[in-house]
Amino acid sequence: MPSSVVPRTAAVAAVVAAALAAGLLAGSSAASADSAAEVRIHDIQGTTRTSPLAGQQVTGIPGIVTGVRTYGSKGFWFQDPQADANPATSEGIFVYTGSNPTVAVGDSVLVGGTVGEYIPGGTSSGNQSLTQITKPAVTVVSSQNPLPAPVTITARSVPSAYAPSGDAAAGNSINALPLDPGTYALDYYESLEGTNVRIGTSRVVGATDPYAELWVTVKPHENPNRRGGAVYGSYTAQNTGRLQIQSLTPLAQQPFPKANVGDVLTGTTEGPLDFNQFGGYTITARTLGTVTDRGLKPEATCKQGRGELAVATYNVENLDPTDPQEKFDALAKAVVNNLASPDIVALEEIQDNNGAKNDGTVAADETVKKFTAAIAAAGGPAYDWRSINPENNKDGGEPGGNIRQVFLFNPQRVSFTDRAGGDAQTATGVVAEKGHAALTLSPGRIDPANSAWESSRKPLAGEFTFRGRTVFVIANHFGSKGGDEGLTSHHQPPNRSSEAKRLLQAQTVNAFVKDVLKTDRRADVLVLGDINDFEFSATTKALTDGGALYPAVKSLPRSERYSYVYQGNSQVLDQILISPSIDDFAYDSVHINAEFADQNSDHDPQVLRFRP
């Protein structure tokens, strides 16, 4: 509800001065035990993640307004200029007003209200809570006061260890653990929740997104890659220096700067440290640095040699005929110019002929024809294609969109072996033909009735021939990470509930590949697509079980292993895995989208070249 504001008067100023003085003498025996002045912001914040005063009413809390937010969760931050000596207690706090606050930065205020713990995203998200004051009554005492000096966040101030291990008795929660800001990065940031902070010149590790935010790192040497990102290479390499940056200035007054990975946010960025649903600790900047363009360019892979087969995977992000022609053209030019027109392209997220219109349409021939025409117009080959229409709304994704995988192939270089009968419900299998493996249905779906694929994309298997040799390609789009807790979860380690489904999916695909290899141990098999999981994950380990497959991305240096950038972490989601017979190959994660503010898709395509 809106705050209640008392006009500034000299009498009130005198009361506040007395309150501040009483606060400074709170440890004295003369201080009244129930005096409102005894409660300061650091008492509300406490030494753990949740306030010892949660649910209680407080009055007369003094401080200086350090930031005002007039969009989203409306309210203001204020901070006690008289800090205590405990580094675990924050001196700042957010006041939720629900409507545009009537205070200004620099106002000296007294605030009363209810102390609460707000969990962005709700309890089920696993997010930490934000300590705040709600239903406030605000007295403005004076204006244009100097702000409390900002705490400078630097590479040296942020610990290298990310978080303590959660309390097993409390479901691995760290909420009740005493903060140790000198040891753990999450504790350090939590000890500054609501506090006026600043960073100096910092490298951008997550490009500006459509929601007017970007990510920087204050640790330039923490898991860097050559293009400026911060690589997430294991579950214990969370990249502690990452911070999200937003602006408190409304976009109508000042557009948010556009930045790509590797650019630099130059100068001082200063404001209260918030915690939100989409990234955790965030500097809500009153003062925003300026972006220095470091000139990051999209990559282009090498063209395959005459005797090489080039196979690619590309998630084209819900492509359907209602998308602007510009999107089709941009994606097509990427296939031709950046991917060098691969012989086979496995596409993910091809939607049906009318996109998200939920009317029972499942065919996607118009979508694919529009895309292949754009590729030809861009100077690429006249790709042929194969796919299987899903059952309506049975494969997840945007309702009505019916996303599916599609094979594009260049008939001048490779042929497709059609084996009739494949449909949404019928499983393809493996048989022996003249001593070699063959699919019973091509294109065909792998075990579509398996519960692992409920509300998820079923794998699409196809049999190709290149220079007289059979090549099996399995296009995948595994279940998403939706439901997983963020790295800043109060559970440490965070719960990754979505892994269970992908693990079952990986086991199903692995079993199918083993069937192929049991029939022909020298068979060339490529399993590729949006695996939605890391190269070090249980999902990838299940895919590779028994040596059936090798994740080709591991042939790259560790710093080059990524296809997606999420919350400032460059990480692997898209993969190409290969059977043992493919032992001489070149692999490329072609960085054309994920690091850029302007994207044609949020994924980077992957390309593998080899000689069958």
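Helices (H or I, at least four residues) and strands (E, at least two) are DSSP runs, numbered from the N terminus. This is a predicted model, where local features need pLDDT of at least 70 and side-chain atom pairs count only at pLDDT 80 or more, while totals for chains, interfaces and linings use all residues. Residues are numbered from 1 along each chain as its sequence is written, and side-chain values use heavy atoms, with hydrogens and water left out.

Start by colouring by pLDDT, the predictor's confidence in each residue, from 0 to 100. The protein averages 94, and 94% of the residues score at least 70. Now select residues 1–37: pLDDT stays under 50 there. Where pLDDT is low, the predicted coordinates should not be read in detail.

Next, select helix H5, residues 365–377. Show the side chains of Thr367, Val368, Phe371, Thr372, Ala374 and Ile375, the buried residues of H5; buried means under 20% relative accessible area, exposed over 50%, partly exposed in between (1.4 Å probe, protein chains only). Look down the axis of H5: these buried residues fall within an arc of 155°, so they line one face of the helix. (The arc is that of the directions from the helix axis to the C-beta atoms.) Just after H5, click on glycine 379, whose phi is positive, about 100°.

What is the order of the strands in the open sheet? The six run E18-E19-E17-E16-E32-E31, with mixed pairing; two strands pair if DSSP finds at least two bridges between them. E18 and strand E31 (585–589) are at the edges with a single partner strand each, so one side of each has no neighbour in the sheet. Zoom in on E16 and E17, which pair in the parallel sense over six bridges. Valine 311 has isoleucine 344 in E17 as its bridge partner.

Stay in E17 and pick glutamate 349. Is this residue buried or exposed? Glutamate 349 is buried, with a relative accessible area of 14%, and its phi is positive, near 65°. Most residues other than glycine have a negative phi, and most peptide bonds are trans.

Last stop: select serine 442 and proline 443, joined by a cis peptide bond with omega near 0°. Proline 443 is in the loop between strand E22 (436–439) and strand E23 (444–445).

How values were computed:
Contact means heavy atoms within 4.5 Å. The expected span of a helix is 1.5 Å times one less than its number of residues.
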